[in-house]
Amino acid sequence: QVQLVESGGGLVQAGGSLRLSCAASGRIFSINAMGWYRQAPGNERELVARITSGGSTNYADSVKGRFTISRDNAANTVFLQMNSLKPEDTAVYYCNADHSYFRDYVRTYWGQGTQVTVSS
């Protein structure tokens with residue numbers, strides 16, 4: 001069993017910044033890719049950013065140049081630095097991790113989510 005716990009969400013004004021953190025714990029063998037997704041009311045969950053264990057990153061077009069994803073492999077933690085926030089960024093942000101528990105067996109885990117609200 002692997003647990004993901006997000007932190008760092010909150011209410012900020014447009015143009016402000018937030019830094020989200022997500023720490024994995026439990027019976028961890030190896031964490032592969034980790035990512036951040038978000039879901040606004042009435043919308044589907046969408047990819048915000050993703051990072052592999054080797055450091056390769058991928059971003060949604062809407063956040064490129066404003067958000068930065070990073071990770072601490074030793075601490076099994078992923079971060080999302082969010083700058084120049086816009087009201088359109090308002091959503092529940094979910095942490096995601098692919099856990100390799102035996103050879104090439106992989107299971108995907110999700111955190112409970114943290115609310116990010118950007119006011120105009």
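The lining of the largest pocket comprises four nonpolar, two polar and two charged residues (nonpolar: Ala, Val, Leu, Ile, Met, Phe, Trp, Tyr, Cys and Pro; charged: Asp, Glu, Lys and Arg; polar: the others, Gly among them). The structure is a predicted model, in which local features need pLDDT of at least 70 and side-chain atom pairs count only at pLDDT 80 or more, while totals for chains, interfaces and linings use all residues. Residues are numbered from 1 along each chain as its sequence is written, and side-chain values use heavy atoms, with hydrogens and water left out.

The lining residues are Gln1, Arg27, Ile28, Phe29, His99, Tyr101, Arg107 and Tyr109. A pocket is an open set of points on a 1 Å grid over the protein atoms alone, where a 1.4 Å probe fits, with protein on both sides within 12 Å along at least five of seven lines; lining residues have an atom within 4 Å of a point. At least two lining residues come from each of strand 9 (91-102) and strand 10 (105-110).

The protein has zero helices and eleven strands (DSSP runs, numbered from the N terminus: helices H or I, at least four residues; strands E, at least two). Four strands make up an open antiparallel sheet in the order 1-3-8-7, where pairing requires at least two DSSP bridges between two strands. Strand 1 (2-7) and strand 7 (67-72) each have a single partner strand, so one side of each lacks a neighbour in the sheet. Strand 1 and strand 3 (residues 18-26) are antiparallel and joined by six bridges; Leu4 has Ala24 of strand 3 as its bridge partner.

The C-alpha trace spans about 50 × 25 × 25 Å along its principal axes.
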